[in-house]
Every structure is written in structure tokens, then in C-alpha cells.
Amino acid sequence: MDTHYARTVGHIDELLVMIFSHLDGRTLTRAACVCKHWSDIALDSLWHEVTDLRRALAVLAPLALRPERGSASSSRSPNAYAFKRPLTAEDWRRFQRYSLRVRRLRHDQRHARASTERAKRHVPLHPKVFDDLSTTCPYPDIFPNLQSLTWFSCAPQRQHFSLIFMHRRVRHLGLHMYRSEPKALTAFLNDICTRCPGLTSLELRLEQPMRQFEEDVLLLLRGLPQVTQVSLPIFSLTPQVLAELSRLRHVACIAFGHPAQAQPGDRRDVSDFAPTIPEEGFVALRSLAFSAQLPDAARLLCTTQWPIRLRSLHIKTIAITTTLALHDFFCVVRDRCTSLVDLSVDYIIAPDSGLTSPAPHPHERPTLATFRPLFSARSIRVFEFRWDYALNLTDEDMEEFASSWPSLEGLQLNPQPVPEPDGPRLTLLALVPFARHCPNLRNLALHMDAREPPALAIPPPATLARFARLETLAVGLSAIARAEPVTLFLSQLLPLGCVVSSGLRWPDAFDLALEHARVPLEVRAEMSAFWTRWTEVARLLPIATTARLEEKARFSVLEREMHALELSRSEDRRRLTCLEREVQDLRGRTGSTP
């Protein structure tokens, strides 16, 4: 290989950045030792995001275990890291080579990112570490180029340690708030507003329901006029908080944190949802997520003109409502949210969910007529709907659903309902209309009865089209008896590479909710068998689809050969006819007879 070419390729900064972005920390450390050019780029990648503050500070000075302050006994085992020696100016000068590269700092003491981290005993940093950092740093900021700070501390007395990393260039702040002394919390929030006046993204997690923090959150929002994105736990966007957000001129996105990471709030905080939105409110809002009862949500969307500009609307409904109220809500969405692209109506099945028992009668459940108003909302590309029990829909209904909504790119139609022995069920044939009418569909989630898959036709009929772009098929815990026949049927519909996913969003919470709803134990036990069989389908499907495509390719080659042979025979017959005509003409001219 040409050494000049190798040296040139190895010094292309853009190429190195792309390669280093896929390497782990240990490999990046080794790459930083190759040469000075690689060192700068590898260190940029290695220090771009700091997720282990202890390891980062160990570069500044050595750390050692020591007891927390207030320990009465000297024999107590060490339980916090502190600097072994006082910090010097030389330590800070050497550390600046790395601190200037940090753009994101994530200090998450509450949620470990990997199972290996969860298995380790958590040892925090000693409070004296933060005192040493703030008193000895000779520079205005510890991480001068920091843009994103996430600080999820494990105790109330540790949340204020985040202040020493805040400065005017921080644009994103993630904070887990604890209830402390009112004056202390107010002073802490005022310090945030003073240190980060240009903050544009705010993510809050709360130790208690929003009603315990509402005044403090309102104070924080009033001090951050440049905020464009706000993320709150589910059931935490109260009417007062939403009204305050409507007065911020730059707010474009109001979202919810994931329930698996941010503890949901209390449904009672949003049970009466009637915020007062000023006429000029939400001038920049494009994406909104909130929790409310659907009639309250419909009334909110009918106020002023701001819903017209919405592109994304996610509603976590706190209670199951009637099909008529659901139909009316969809009518409001169709008439008021004319620019909407992404719509989600989600009823979270959790231990505190008020599930009805026994299950409602099929005529009391959403039907095709309930969803029909949305078929006129041509701008919607993604629709997610989650309810309690299975919907009253049939395979024939899916034909109208798909043909009326050909522009769909994502559809989740209650894929994880409460299990019941006898209830409305779609079959695998419900997939066929979407494959035929929705060429841009990438994600599809349905609850189906796959215990009796349709009979296979060889070759497949012309009406059985294959999905063009489907990437994920989610089936929840749909009933299934055997994996093999289901795999063979799906191999006719799904493209190669499409992933079949099964299971529940939050299994523990779902199981508790089913227990509260008195769902029979044998029905719940059967769900585990369904998951096992669908996992087998996901394993076998790529093999079956590949074989099916190869079979189709061979069949196509055979068809082309047969067509070519037919053309050749037709050409031979044409030539024979021409020869016969010439012979007849020749006989006519010569007067010869047969």
C-alpha cells in the first residue's frame, strides 16, 4: 500500500472524527497515544461528553475514599471520594487541556445507564470535593465550553453542587428537584437564572408531585425567558405551569420525560385541566405534550389560534372516556390542528389506572366510526393510540383505515391492551391492506390473533403485496399458538430487515394493573408463552424472508425464460406463416399445382 496515501487518509480530520465517534473510551485513550494529530481529535471525542464525574476529576488530582462529614466514629468504613491533597495552580493548568473540550456533563446518580453500572455499589463524591473546586479554580468556569448540564443527584443536599458548573454558555439543563427549605430552594433557583440566563432547554424531574413544586417551577420559568424546549414528568404539566409557558415567546416544544427514567407525577394534579391561555400565547409552539381528560383537552384546543400551528400533539389521557367523547376530540383535532403531522392519544396502564372489571361490551369500545374524522386530516403522518381494552375493529375495517390514510408513516393502534379470553380481535389479514395502500409506512403496531394464520398460497396472489418500507412490526403480546406458520405468512408481507418486536412497555406496572383489575392469573400466565413464541418468530423471520425472496427471484427468472420461449415460438410461427405465404405466391406465379 502507498505509504503516502495511508498517511494522507489517516490525517483527514473529518474521517477521523467519524471513526472515533464509534469507539469506546478505552480505545479512544489508546488512539490518543498514536500521534499528536490523533491525540487532539481523540481527546475531543473522549471528553466531549463526561458521564463519570469522578473519573474526570481524578485527572485533576488523585481521589481517595474517606468518611462523609458528620461521621461520629472513626472506624466507620469510607463512603465518599475526596481529593488526596490540596489542589494547586499546576493541577488546574494541566487539567485545562481536557476541561476545554467538555461540551456535555451528565451526573446521574439515580439511573445507571448499563446493567454493569447498576451492579456496582454507588460511591458518591465527598461534599468537600465541590468546595475545593469552587475555592481553588483560578478560571471563571471549570468547564468553559460546557453547553449541556444534566444533574440528577441522589439527595436534596447535593442538588446545589451543580451550581459550580453553570455559566452563561450553558444551553441545556437537566435537574432532579427535591423539596428542601423554601428559602434554600428559592435561592438555588434564583442562582440558576442568574448563572444561565441564556438557557434554551430545560428538563425537570421531581421527587414529589408537581403541586409540591408548582410555585418554584413558575419562579424558574419566569427567570428563563429564552427557553425553547421544556420537558416535565407525566402528570406534571398543571394548568398554572402551562399558562406560564404560554407567556414565553420562544417556547417551541413541551414534552414529557420517559416514565421509565422520570417518575410520573400524580393524576390528581391534572384532573381539572382548564388553563387560561392569553390570545397572544404560544406564538412559537410547534410540539405539545400534556395530560388531561379528553373533554378538557378538546376545550383547550378550541382556545385562540395557537393549535393551528401545532405539528406534534401528544396527550396522556388520565381516564378512559366514552367513544362519543373520543370521536368529538378527533373532530376538534381535524378542525383546529390543520398543520398536525404527529398525533398521539395514550392511556398509560399503570398500578393506579382505573381499569374496569369486567371488560366493557364491544359496542362500548372505539370502532372505525370513532376514528373516521381523522381520515380527513390529510397532514397527519404518524398516529399512536393506546387504550385499555382491545378495540372493536375487524379486518374489513382495516381496509378502509389503510385506503383512507395512504400517507401514513407510523401507526400504533392499541398494540398492548388488557388481555381477555374473548374479545374483539384482528387477525394477521389486517396487515394486508396496509401493505397494499401505505407505501411509506415504516412502523406499525397492532394487536392481532395469530393462533390461526391464513392459509398460504403458492404463488402468493396478486392482492398480497409486500410492505415497501416497513422497519418495525410491533405485536405487543398478541395471541399466537405456533411460531412456524406465522413466520411463513409474515415472510410473504414483510421486507427483509423488518424487525418483529413483542412485549410490554413497562411489564411490572402493567402486571400490577392487571392484578388490580382482577384479570385471571391463567390469562396473565399465557402472556409469557405468547412472548416466547413471538421471539421465535423474530428469530426465524429473516431466514424465511430470505428464502421467500430467493424463491421469488428464481420464479421471476423462470417466468422470464418462459416468456422468452413464448416469444421465440411466436416468432417461429410468424416466420412459418411467411414462408407458407411465399410458397403459395410462387406456386401461383409458376402455375404449378401441388
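**Getting to know the model**

This is a predicted model, and in it Arg169 counts as partly exposed, with 42% relative accessibility.

Q: Which residue forms a salt bridge with Arg169?
A: Let's start with the loop between strand 5 and strand 6 (172-177), where Arg169 lies. The partner is in the loop between helix 8 (127-136) and strand 5 (148-152), so the pair ties together parts that are 28 residues apart in sequence. The closest N and O atoms are 2.7 Å apart, and the partner is Asp141.

Q: Is Asp141 buried or exposed?
A: The cut-off for buried is under 20% relative accessible area. Asp141 has 16%, so it counts as buried.

Q: Which strand holds Lys316, the salt-bridge partner of Asp346?
A: The side chains of Asp346 and Lys316 meet at 2.9 Å, N to O. Both Asp346 and Lys316 are buried. They sit 30 residues apart, with Asp346 in strand 12 (residues 342-346) and Lys316 in strand 11 (residues 312-317).

Q: What accessible area do Ile12, Leu15, Ile19 and Leu23 have together?
A: Ile12 is in the loop between helix 1 (3-9) and helix 2 (13-20), and at 35% relative accessibility it is partly exposed. With Leu15, Ile19 and Leu23, Ile12 forms a nonpolar surface patch, whose accessible area is about 280 Å².

Notes
Residues numbered from 1 in each chain as written. Predicted model: local features only at pLDDT ≥ 70, side-chain atom pairs only at ≥ 80, totals over all residues. Heavy atoms only, no water. Patch = residues over 30% accessible without salt bridge, like charges linked within 9 Å, V, L, I, M, F, W, Y side chains within 5 Å. Areas by Shrake-Rupley, 256 points an atom, 1.4 Å probe, with all protein chains shown as cover. Salt bridge = Lys/Arg side-chain N within 4 Å of Asp/Glu carboxyl O. Helix = DSSP H or I, 4+ residues; strand = E, 2+ residues; numbered from the N terminus. Buried < 20%, exposed > 50% of the residue type's maximum accessible area, 1.4 Å probe, protein only.
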